[in-house]
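Dear colleague,

Please find the structure for your review below. My findings follow directly after it.

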Amino acid sequence: MDFQSFEAKGKFGATTRIDEGLVQEALKSGDQQGASKILFQVLDRLSSAEPYPELDNLFVSVTLELATLCFVLGQNFNEVFKYLRLALAAAQRLGNRRSEALIKLHIGRIYYLGQRRKDAIKVFEEGKKIVDELGDEDIHMRAGEFLGLYYQMQGLFREAMAHYQHAVESFEIHLDNRLINPSAAMWMSYCEAYLGQFPQAFGRLDYYRRIATEHGNHGLATTLRAVLVIILLMIRKLRDASFHGPIALDQAIESGNVLAHYFALGACGEIQLYEGRPQKAREMWAESLAIAEQAGIIRQYASPNVLEMLYEFHRLGLDPIPQFTFHGEAERVLSEPNLHLRGVALRLRAMDKSLTGVDLSGIEKDLETSADYLIQCGDPIQLGKTWLELSRLRLRQNDLSQARAMARKAWENFYGYGDVFYPDDLRHLLESNAHLLFTTSRDEFPNRFMEILEDLLPTYDTSQLITRFITATNKFFGAERGGLFWFGKKNRREAPVLRAACNLTQQETLSGTFRANFTYIFKSYRENKPVVSRLADSGQDGVKALLCFPLELDGEIRGVLYHDNSYLEDCFDFLNGDKLNPISSYLSNFITRVWRIKRKLEETTASESGSIIHVESSDAPRIVSQSKIMESVLSQADRIAKFDSTVLLLGETGVGKELMAQRIHRMSARQDAPLVVVDMTTIPDTLVESELFGHEKGSFTGADRQKKGRLEMAHKGTLFIDELGEISKNIQVKLLRAIQEKTFVRVGGTRPITADFRLIAATNRDLSHEVKLGNFREDLYYRLSTFPLIIPPLRERAEDIVLLARHFLKRFSAKYGCLEHELSDAHETMLRNYSWPGNIRELINIMERAVILSTGQKMELNIPGENRETSISLTADTPTLDELQRRYIQHIIEKAGGKISGPGGAAEILGMRRTSLYSRMKKLGLR
């Protein structure tokens, strides 16, 4: 929604701009009701005006925003529908196919809620066709929840899940600035429940309910709680459903959320049925239908529990709810494309027929077709119920063998919920050890678990791989949420970092309610033992069971895999001592493989770009010093390293800024992650944006594949940008935003990417002066100057010159297998008297040359003369060609006042490209 782009005339335009401010103010304060009222007023005013392109654009934008907001609030579906129809015409007038697709998808959702399922399928398909034709990532992301619903309403849950997964990710990414795909988490949890993944459904609903509450989306949070109650009832968790149901109902009534009111009241009615009060259940359902119909929600349901409840009303002989009878709904469902509900309706119809005892062939056909449909959609619970009815039918047909086979298949399909769904009258069909069937299948789980993890390894995006690892273990162990907690190497008492998670955030781990769980995480870490525990006193809304596995990397315990469950206290009971240790060992092996892949990829990338450095090894270069001025700088750097703030390293070329960056990284909490180096002097201007932020395939000529940028490569680590002053102002804007928000977009991309990095920048320029000249952004300069650190030139570190010379002499003698010479008094005097314009890099160059050229017992130490004021002095001592170039370039740099690029810079004077000059300087020891 962009009011600013709308240039209306006179009072009409001014009023619209005032409305924008009111809407934004209302949304920031969490007053979504107030924002929706203003948007309705804006649309009412716009719809009365003569259409023209600018107005049509605004009308389309506001309508889409309002349609999303109405769903979040769970109200005004009829009212927004008429504006969606007008917006569709406006989008078609504009030829705006992207908006046309989104509007059709919104209309499809309203048709679905209003019992116009066939119309919904038709308009969904029209919108989907446009989305597929456009084909870009942005439109697929914005259409995610609608495309998922298109497949879900056909009972194709696995297909729906793929779209919902994309949609829920975008919801989190855009949560702070606009609502995209707000219903995705709700619909996805339904799919997970239908696929038998109840803990994942519970975890997702709880997680997104908390997120919605934290961001002031209370209407959405209420709807998610109501859906939680519906799914709890699918596995008869009456205690938890009875706790959440009344809360959801009260919140829905208070906020005017009709959708949540309908869901919650119906769920509370279902609770009444299971507690033996069917008449009360019927009354509550009749009331919920009447309330919903006023808002355009007409007998909409996705849960098979509703059909089962209507069948119970019918079987018990209760007065049918007007226009909502069992036979009427069964007939309607069987005429629609939802395989899931059709499968349930056919089973219930067969059960109804069996009450009369007639038409066994018709009953058999209904049950077999029911099983076919439910196999296609993948619901193990409903399929198990159908197999139970087939078992009963086989008994009536005197086929005991088939009856037992069906009974066993049903038991196995209930997978841990047999005690809930398996009826007593059929237990005699199970073998004497049938109660062990579930346990036996679980006994085989280590092999299946290994297969699941092996399937993850084809991906080489290790961040994604670790997240998928947590999601896979979360699903396999029957947990609601999980996380990989990673410990530092130094202090075993420090709190671990949450490296990856499923339905769990770092902020939640810092809350008081999670503090007790850390006791078990630390216990598993320190004792190197798996932990399985039930938490009996956790309260109604707390964790009831948790699971911890210690993870070993390179012979050291480095992390703990954590999972918990708030609704199923016995979910981890199947993990006994015999299983725990092999699983823990395999998990550690898997994490080791992931880390090796990570390192291998970093080494490969480093060989291509020279940009990733690990500073853990003992032979990594270290800063050598004994001077007071440098010791003071090092002490300051070590203090700064403990914080996560940006550091700006200042100093002349060659003073060791990169080595200082390595030291800060090594002393920081990010030491286990890579240090990514970007040397701006080696990157052509046209490629700077791509190198920093990455690019998508086809984003420019030569972009034949997707490429990650240095910011993305530095995720969880440190990004070191050398010679930051070389960045152009247009890139400075994008860099500032990335530093502030830790998000950016690749070149040619639309999807925001998050990268958690610590920035260390370095420059040999006076940035404050560059700000005055207009060459460097003031806001970026102040952002970088949180911790400025000035590294002194070598000439100000007199005590270090000889010390460093001996250090490099020893290093290069060992490197080239040469005799290690001693510095004479004359050599030391020469070293101290030289001004070292190239600083330590120049000293390194000279000492390496001395080792290579020295023969016998005599060391050749060639230190340049200091007088470079005339062309005669440049050549007076008959220097080598390299030395002559070095002296002349240094002379030009001094003449240009230290400026390399830009007007009047050394590169311009020498007639060279900036990158070429920097490369030459580095080769000659000037850089």
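Predicted model: local features only at pLDDT ≥ 70, side-chain atom pairs only at ≥ 80, totals over all residues.

Residues are numbered from 1 along each chain as its sequence is written, and side-chain values use heavy atoms, with hydrogens and water left out.

Helix H5 (residues 97–113) packs against helix H8 (residues 144–152) at an angle of about 40°, and their axes are 10 Å apart. The crossing of H5 and H8 is left-handed. Leu105, His106, Arg109 and Tyr112 of H5 meet Glu145, Phe146 and Leu149 of H8, contact meaning heavy atoms within 4.5 Å. By class, this contact of H5 with H8 has 4 nonpolar, 1 polar and 2 charged residues.

Helix H2 (residues 32–47) has 16 residues and spans 22 Å from first to last C-alpha, close to the 22 Å expected at 1.5 Å a residue. Its buried residues (under 20% relative accessible area) include Ile38, Leu39, Val42, Leu43 and Leu46.

Most residues other than glycine have a negative phi. Asp554, however, has a positive phi of about 55°; Asp554 is in the loop between strands E4 (545–553) and E5 (556–565). Asp554 is exposed (over 50%), at 66% relative accessibility. Lys716 also has a positive phi, near 75°, and lies in the loop between helix H32 (710–713) and strand E11 (718–722).

Yours sincerely

Notes:
Axes fitted to C-alpha atoms, helices over the stretch in contact; angles between N-to-C directions. Helix = DSSP H or I, 4+ residues; strand = E, 2+ residues; numbered from the N terminus. Left-handed = near helix turned anticlockwise from the far one by under 90°. Nonpolar A, V, L, I, M, F, W, Y, C, P; charged D, E, K, R; others polar. Expected span 1.5 Å × (residues − 1). Buried < 20%, exposed > 50% of the residue type's maximum accessible area, 1.4 Å probe, protein only.
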